[in-house]
Amino acid sequence: MREVQASRITSAVKELCMRANYILPEDMKAAIAAYRNKEVSESGKSIFTQIVENMEIAERDHVPICQDTGVAVFFVELGQDVHVVGGGYEDAFNEGVRQGYREGYLRKSMVTDPVLDRKNTQDNTPAEIYTRVVPGDKIKITFVPKGGGSENMSEIRMMKPADGMAGVKDFVVERVRKSGGNPCNPIVVGVGIGGTFEMCAMLAKKAILRPVDVRHPDPRYKAVEQELLTRINKLGLGPMGMGGRVTAMAVNIEIHPCHIASMPVAVNIQCHANRRAKAEI
Amino acid sequence: MAQVRLYTPLKVADLEKLHIGDSVLLCGVIYTGRDAAHKRLVDLLENNQELPIDVTGQVMYYVGPAPAKPGMAIGSAGPTTSYRMDPYAPLLLEKGLKAMIGKGPRGAAVRDAIKKYQAVYLAATGGAAALIANSIKKAEIVAYEDLGAEAIRKLQVEDFPCIVANDIHGNDLYEQGIARYAEE
């Protein structure tokens, strides 16, 4: 059994909050650079120029890439031989978020009650923490600050098995079409297929964690990812939805076994500020 | 596509020259407001009460900025999605608001009101928040301080970059731009 002080989680989380919001992952920088050359529309080209310049300013000046520094979402692989001491496990994450968002000059975007009060919690807590217990004695944390604009364009549908892959594809493409210029295109499209209702939504979220240059290991799903990306980029939405050839930079699919009666499909939309960062304790 | 430098407060004569797709560099005073502030403004109007700011000829920027670092006027400050302000925008346009800055297309009622009241809708690049913040030279809260990031701020901007998305002539860049490139 390895003992880990809760304060170590807090300091790792605090650092992650800042790093993720200031610096885009390398795969995203490369994708933006590559897709910039593919855009032909006037507005699209000028938007790409701004996106690149913005990314450079944020990284250099340590300021947030986007003012929407998101809901603090954590995916954690917790080694089963870890014993967290000196404080609560989830409290340690929330304290890290509190410190990171305050000291990093990040926006606090959480409200207490979703419908009635909508009072800002002032420290961006509570975090959403999804923990999976795995063999080993490490804590591996992936942090995703999830912005509201793109999240609002997401959807889950309980499809029929008879809808098949054609149904899945049409649902994804139509979801992107309906999103129009709202989610800060060019986007990354996370698709979850299978599982139960909540598992399916989680798969779509996990799909956007995957680097955009990594395709699905199953060649059949890899082909679907590529076909969907091509179809989405023929929609003509373009950067910020004002017309162009680059609407999305990747479609990532995650699948899971499901019930004989079910075929749920979830689409989680991620903006071009596809922020994520990792730490290991 | 022209590049135009625009100075606030805006006059209809300035707006008549703008067409969708034009790049605009905005200079002068603009105001910020998003969901919660709009709800309060429209509640006041519906109860025939005075607004905390005079919107005549003014520009409303849909943004909830990040906190300013020491020495900076404002933190990162990119646009938020505009459709959420659609229920409130026509009333403000009726009161004399001349431009809105945000991202994403507007609903039919807002597009009609833009035409009727001779205003424009300008699109800023979502996610270009650090870049945009550099064009904001001063920021002060003028109403609803309790709303934090959602408070109404008066911003002094220099060459704030945006694109004309809905012009005074009834054109819509979202509609026309997508139609031009759509293959599916």
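Tutor: With a cut-off: two residues are in contact if their C-beta atoms, placed from the backbone, lie within 7 Å. Note also that this is a predicted model.

Student: What makes domain 1 and domain 2 of chain A touch, and how many residues take part?

Tutor: Seven residues of domain 1 of chain A are in contact with four residues of domain 2 of chain A. The assignment places domain 1 of chain A at 2-20 + 65-146 and domain 2 at 149-274. Their C-alpha centres are 26 Å apart.

Student: Which element gives the most to the domain 1 side that touches domain 2 in chain A?

Tutor: Strand 5 (residues 139-146) of chain A, with three residues. By class, that side of domain 1 of chain A has four nonpolar, one polar and two charged residues.

Student: How do you know that the span of helix 8 of chain A is close to the expected one?

Tutor: The expected span is 1.5 Å times one less than the number of residues. Helix 8 of chain A (residues 219-233) has 15 residues, for which 21 Å is expected, and it reaches 21 Å from its first C-alpha to its last.

Terms used: Residues are numbered from 1 along each chain as its sequence is written. Chains are lettered from A and ligands numbered from 1 in the order in which they are written. This is a predicted model: local features need pLDDT of at least 70, side-chain atom pairs count only at pLDDT 80 or more; totals for chains, interfaces and linings use all residues. Domain bounds come from an automatic or database domain assignment. Helices (H or I, at least four residues) and strands (E, at least two) are DSSP runs, numbered from the N terminus. Ala, Val, Leu, Ile, Met, Phe, Trp, Tyr, Cys and Pro count as nonpolar, Asp, Glu, Lys and Arg as charged, and the others, Gly among them, as polar.
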